[in-house]
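Have the structure open as you read.

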Amino acid sequence: MDALADLLEGVRARGALFSRSVMEPPWAIRFAHGAPLTLVTMVRGRAWIVPDHGEPLLLVAGDTVILRGPGPHTIADPADAPTSCTVLDGDQCLGPDGEPLSEEATLGLRTYGHSLDSPDLLLSGSYEVSGDLSQRLIRALPPALVVPADECHERLGEMIAAEIDCPAPGQQLVLDRLLDLALITKLRAWFDRPGATPPAWYTAMADPVVGQALRLLHNQPAHPWTVALLAERCGVSRATLARDFRALVGVPPMTYLADWRVGRAADLLRETDTTVETIARRVGYSNAFALSSAFKRLRGTTPTDHRRGSAPAELSRA
């Protein structure tokens, strides 16, 4: 495992109600749901990402935009077009009059719009994000990031469009997996773009020494690491590792490890009924008291209080 794989572990696609929109200008789709991530691919035509504040961003055929929630976000052609459809939570969509869309607005399974021959076609999918660790990835993203068509050559858009037209058993599962794959490939493409500002841990993964140290910490977080032991495993001096790690990641190795361990513990506390003592040993602390001390220092609360109900509030603030 590496940092990106670990952080994406809690990101899972859930098929949006209207996965395909076929539109005739002027049109505007407003995503007003609470999904932490929405992925939209412009299959043909063009559109504008219209933020509530700031300048619109152009999308042309083949481009993909990842929208960070909870939104709202508007995609339109032209940029000042009136709202045609508002996508809400719970698979609810409202028409321009604020009323639920009628059956006449659909063009088949998971398809919404004017006509299948309309010039603008886009695919959309929303993602649920669970867990403390995955929230780190979400917080590292801008509100909207665009991956141009020529910077991520793959046929996932075609595969998703084909699956929408194929109402076979297991369709939802296939769509979810394709959307997961699309998100991962698009994020990697955007992180590697010239001028992009990926998280420090992502760029550090390419360094032969610091990247190895990060992989060791992610693969074996419960190991009794010290800077000296980590440096020995990476084949450099303690001073070299400490200097390079801080320069590339932004924090010392043991600070990164402590935050990673507490993040893993936070997810286990949310997702399981395992005892605090067991979780403490699983993430690298000698006992529950040691984990509680670290948790209190880094999160301002105790593992028990976090399990009782602080996690949902934290996620809603992210």
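A crossing is called left-handed if the near helix is turned anticlockwise from the far one by less than a right angle, and right-handed if clockwise. Keep that in mind for the pair below.

First, the overall picture. This is a predicted model, and its pLDDT averages 84, with 88% of the residues scoring at least 70. One stretch to treat separately is residues 310-318, where the pLDDT is below 50. Beyond near neighbours in sequence, that stretch has 11 contacts in the model.

As for the fold, the protein has 12 helices and 13 strands. Of its 318 residues, 47% are buried. Among contacts with a separation of 6 or more, 72% link residues 24 or more positions apart.

Now for the helix pair. The axes of helix 3 and helix 4 come within 10 Å and cross at roughly 165 degrees. Angles over 145 degrees count as roughly antiparallel, so helix 3 is roughly antiparallel to helix 4. And the handedness? The crossing of these two helices is left-handed.

Here is who meets whom:

| Helix | Residue range | Residues in the contact |
|---|---|---|
| Helix 3 | residues 156-164 | L156, M159, I160, E163, I164 |
| Helix 4 | residues 171-191 | Q171, V174, L175, L178, L179, L181, A182, T185 |

Methods: Residues numbered from 1 in each chain as written. Predicted model: local features only at pLDDT ≥ 70, side-chain atom pairs only at ≥ 80, totals over all residues. Heavy atoms only, no water. Axes fitted to C-alpha atoms, helices over the stretch in contact; angles between N-to-C directions. Helix = DSSP H or I, 4+ residues; strand = E, 2+ residues; numbered from the N terminus. Parallel < 35°, antiparallel > 145°, perpendicular 65-115°, else oblique. Contact = heavy atoms within 4.5 Å. pLDDT = per-residue confidence, 0-100. Buried < 20%, exposed > 50% of the residue type's maximum accessible area, 1.4 Å probe, protein only.
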